[in-house]
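Hi,

Here's the structure I promised to pass on. Have a look at it first, and then read on for what I found.

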Amino acid sequence: MSVHTIRSSRRSRFRAAGTLLAALSLLLALPMTARAAEEPSVPERGSAYLGMGVAAHDGVGGLPRGSRAAQTEGVDVSSYQGNVNWSTLWNSGVKWAYTKATEGTYYTNPSFTQQYNGSYNVGMIRGSYHFATPDTTSGTAQANYFVDHGGGWSKDGKTLPGVLDIEWNPYGAQCYGKSASAMVSWIKDFAKTYKTRTGRDVVIYTATSWWKTCTGNSAAFGSTNPLWVARYASSVGALPAGWGFYTMWQYTSSGPTVGDHNKFNGALDRVKALANG
């Protein structure tokens with residue numbers, strides 16, 4: 001064998017070995033890449049919606065058992081649903097709806113007009129909600145922002161009072177960096193401002209476990225503010241302190257039609273009564 005042939009053979013072996021090492025390096029890197037892709041990322045501000053934290057903290061879904069008391073089906077929607085086919089929802093038995101209007105003092109739902117007016121136009125009793133971010137601005141500032149951007153109320157028999165959606169923080173610490181007493185004060189400021197602006201007590205949407213953790217299970221609102229409780233299970237479970245009953249129950253985020261599904265604790269005439277104040 002010539003020297004040239006020997007050198008060519010060696011070069012071929014080195015190239016083959018290099019290719020093999022590169023392939024092994026790629027294979028070893030894949031699991032780390034996959035793990036990196038699975039790392040949770042902080043969502044974009046404005047993307048939060050009613051019940052966003054419930055599935056992660058309080059269960060993943062369920063349908064309520066039959067109840068002796070009459071209940072009325074409702075939905076809640078946000079920008080995630082885009083333009084909603086309200087006629088389909090109405091024909092499926094949904095009679096009331098809430099639409100996200102605002103978040104903090106920096107976001108308004110781009111689909112609000114279609115959702116809010118569309119539900120009204122098919123005959124639903126509807127209202128709007130505000131996703132609270134107590135770490136960004138005061139309760140007073142956020143209540144004013146809400147009222148100024150779709151959160152108002154009128155006694156037309158078709159408009160429900162606004163909702164304060166106060167739940168897990170999707171952007172950081174679950175209690176927004178506030179102590180229980182500071183959180184209660186923030187909610188009081190929001191509720192007082194909303195009442196001054198609209199004449200109505202704001203509905204409070206929350207989950208019992210979050211309420212216990214982040215307000216110290218405050219009983220300060222049970223006698224004034226209707227409760228919309230979130231629990232994705234076959235029964236509503238324990239309620240936050242101060243409330244002897246719930247007004248609305250968000251029981252699943254994966255209902256038979258678009259949006260999260262809810263039960264109003266009463267027949268349709270009670271939904272109308274809440275709208276009329």
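To get you oriented, where does Asn217 lie? You'll find Asn217 in the loop between helix 7 and strand 7 (227–230). Keep in mind while you look that this is a predicted model. Asn217 is not a glycine, yet its phi is positive, at about 60 degrees. Its relative accessibility is 26%, so Asn217 counts as partly exposed.

Tyr176 sits in the loop between strand 5 and helix 6, and with a relative accessible area of 5% it is buried.

A search of the whole structure turns up one, and Cys175 and Cys214 form it, with their sulfur atoms 1.9 Å apart. As you know, a disulfide is a covalent bond between the sulfur atoms of two cysteines. Cys175 is in the loop between strand 5 (163–165) and helix 6, while Cys214 belongs to helix 7, so the pair ties together parts that are 39 residues apart in sequence. The torsion about the S-S bond is about -75 degrees, which means the disulfide is left-handed. Both ends are out of the way of solvent by the numbers: Cys175 is buried, at 14% relative accessible area, and Cys214 counts as buried at 1%.

Next, the helix pair around there. Helix 6 (residues 180–198) packs against helix 7 (residues 208–215) at an angle of about 115 degrees, and their axes are 7 Å apart. Because the range for that label runs from 65 to 115 degrees, helix 6 is roughly perpendicular to helix 7. On the helix 6 side the contact is made by Ala180, Met183, Val184 and Ile187; on the helix 7 side, by Trp210, Trp211, Cys214 and Thr215. By type, the residues of the contact are seven nonpolar, one polar and no charged.

Now for the nonpolar interior. In soluble globular proteins, nonpolar side chains tend to be buried together. Here the largest nonpolar core has 53 residues, and those with the most contacts inside it are Trp96, Tyr98, Ile166, Ile187 and Trp228. Helix 6 supplies the largest share of this core, seven residues. Another core lies apart from it, with eight residues, including Val75, Val77, Val84 and Met124.

Which strand holds His130? His130 has its place in strand 4 (residues 125–131), and its relative accessible area is 0%, so it is buried. If you leave aside neighbours within four places in sequence, His130 is in contact with Thr102, Glu103, Gly104, Gln142, Phe146, Val163, Leu164, Asp165 and Phe190.

Thr88 is partly exposed, with a relative accessible area of 43%. Thr88 and Val258 are 170 residues apart in sequence, while C-alpha to C-alpha they are 9.4 Å apart in space.

Over to you!

Cheers

Note on methods
Residues are numbered from 1 along each chain as its sequence is written. This is a predicted model: local features need pLDDT of at least 70, side-chain atom pairs count only at pLDDT 80 or more; totals for chains, interfaces and linings use all residues. Side-chain values use heavy atoms; hydrogens and water are left out. Axes are lines fitted to C-alpha atoms, for helices over the stretch in contact, and angles run from 0 to 180 degrees between N-to-C directions. Helices (H or I, at least four residues) and strands (E, at least two) are DSSP runs, numbered from the N terminus. Angles under 35 degrees count as roughly parallel, over 145 as roughly antiparallel, 65 to 115 as roughly perpendicular and the rest as oblique. Contact means heavy atoms within 4.5 Å. Ala, Val, Leu, Ile, Met, Phe, Trp, Tyr, Cys and Pro count as nonpolar, Asp, Glu, Lys and Arg as charged, and the others, Gly among them, as polar. Buried means under 20% relative accessible area, exposed over 50%, partly exposed in between (1.4 Å probe, protein chains only). A disulfide is a pair of cysteine sulfur atoms within 2.5 Å. A nonpolar core is a set of buried Ala, Val, Leu, Ile, Met, Phe, Trp, Tyr and Cys residues joined through side-chain atoms within 4.5 Å.
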